[in-house]
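My notebook is open, and I am going through this one entry by entry. Come along and check each item against the view.

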Amino acid sequence: MAPSTTTRPRALFAMARHHRDQLFPPDVIRRLADHVDIAPDHVVEDFADEPDLEGVELLITSWGCPALDADVLARAPDLKAVVHAAGSVKHHVTQACWDRGLAVSSAPAANAVPVAEYTVAAILFANKRVLDIAGLYRDHRAPLDWSRLFPGFGNYRRTVGVLGASLVGRKVLELLRPHDLELLLADPHVDTAQAAALGARLVDLDELVSGSDVVSLHAPELPETRHLLDARRLGLMRDGATLVNTARGSLVDTDALTAEAVTGRIHAVIDVTEPEVLPAASPLYSLPNVLLTPHIAGSLGGELRRITTTALDEIERYSSGRPFAHPVHPASLATSA
């Protein structure tokens with residue numbers, strides 16, 4: 001994977017321009033220029049508009065990068081590596097890239113941190129019934145008997161079910177371990193000993209859904225995971241339980257969730273939906289037992305700096321002839337986001 005010459009490898013940004021502006025501000029560009037030869041204001045958003053790809057050895061990509069298909073690769077004979085300043089590479093790294101033997105790096109571990117932080121906050125608030133109590137306090141503007149209204153509320157010895165031992169799922173389990181919670185895990189690729197090492201008890205999905213006070217989703221978007229939480233499984237949830245989805249909207253049957261949530265039987269904290277923006281008439285926007293956020297759990301604002309740092313470190317490793325610290329292996333993509 002070493003650069004082809006002792007000079008700085010030629011690099012090119014390929015992403016949506018506004019993401020380049022967010023991820024690579026001037027101080028980062030100065031550091032980047034120490035390791036690669038790059039035109040900092042040149043950002044490719046469509047390879048059809050980029051006539052000259054010869055000599056480009058390294059692509060620095062992020063959200064909005066167009067697909068690196070065989071036609072693009074044929075026009076980039078010197079391309080050896082891709083550093084993706086974001087999470088999944090499925091949207092732009094095609095089979096042609098693997099056939100070519102490109103070295104690919106990505107930053108899903110960096111992006112997993114804020115998603116896990118959001119998730120853990122949602123879980124702890126859900127068990128404490130913070131949103132319900134805040135709403136009643138706002139309406140009544142006087143103290144009420146919270147213990148009578150919410151018997152057993154709080155986090156002590158509550159059961160949290162984590163669906164998927166993904167990077168985010170593992171980080172969620174790690175962050176929850178200091179709390180007095182029972183942790184369940186459902187994942188077909190994890191055995192009992194591996195689950196125990198993560199601090200959880202391995203169960204099947206139906207047991208996790210029916211036995212948890214909070215069900216948190218962290219599975220990848222795959223054909224076999226579509227609508228994992230369908231009407232039947234949502235019906236298995238305990239009365240008063242909370243569903244947290246910071247993974248992919250397609251994991252949940254939106255119509256079935258809406259039908260359950262409208263009854264008030266279960267609660268939901270939903271950061272991702274199918275479709276990505278729900279119709280304006282969806283009851284999920286206004287139900288008091290639903291917190292709906294617009295896909296903000298992942299890296300935003302100052303959190304992007306963690307992704308930038310990861311990408312910069314990988315670029316430095318490449319320019320000095322060292323292997324990536326966060327390589328992407330094609331075999332792993334079948335079970336990852």
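I started at Arg129, which is buried, since its relative accessible area is 12% (buried means under 20%, exposed over 50%, partly exposed in between, with a 1.4 Å probe and protein chains only). Before going on, I noted that this is a predicted model, where local features need pLDDT of at least 70, side-chain atom pairs count only at pLDDT 80 or more, and totals for chains, interfaces and linings use all residues. Residues are numbered from 1 along each chain as its sequence is written, and side-chain values use heavy atoms, with hydrogens and water left out.

Arg129 sits in the loop between H5 and helix H6 (130–140); helices (H or I, at least four residues) and strands (E, at least two) are DSSP runs, numbered from the N terminus. I looked up its backbone too: phi of Arg129 is near 55°, a positive value in a residue other than glycine. Most residues other than glycine have a negative phi, and most peptide bonds are trans.

Next I found a positive phi of about 55° at His295, again not a glycine. His295 belongs to the loop between S12 and H13 and is partly exposed, at 39% relative accessible area.

I also logged a cis peptide bond from Glu274 to Pro275, with omega near 0°. Pro275 is in the loop between strand S11 (267–270) and strand S12 (290–292).

**Helix packing**

I then turned to helix H5 (residues 108–128) and helix H13 (residues 304–319), which pack at an angle of about 165° with axes 8 Å apart. Axes are lines fitted to C-alpha atoms, for helices over the stretch in contact, and angles run from 0 to 180 degrees between N-to-C directions. H5 and H13 are therefore roughly antiparallel (over 145 degrees; under 35 is roughly parallel, 65 to 115 roughly perpendicular, the rest oblique). On the H5 side, Ala110, Asn111, Val113 and Pro114 make the contact, and on the H13 side Arg306, Ile307 and Thr310 (contact means heavy atoms within 4.5 Å).

**Aromatic pairs**

How many aromatic pairs does a search of the whole structure find? I got four; rings of Phe, Tyr and Trp (its six-membered ring) pair if their centres lie within 6.5 Å, with planes under 30 degrees apart stacked, over 60 edge-to-face and the rest tilted. The rings of Phe13 and Phe24 have centres 5.0 Å apart and planes at 50°, so this pair is tilted. Phe13 is buried at 0% relative accessible area, and Phe24 also counts as buried, at 3%. I noted Tyr137 and Trp146 as an edge-to-face pair, 6.5 Å centre to centre with 85° between the planes.
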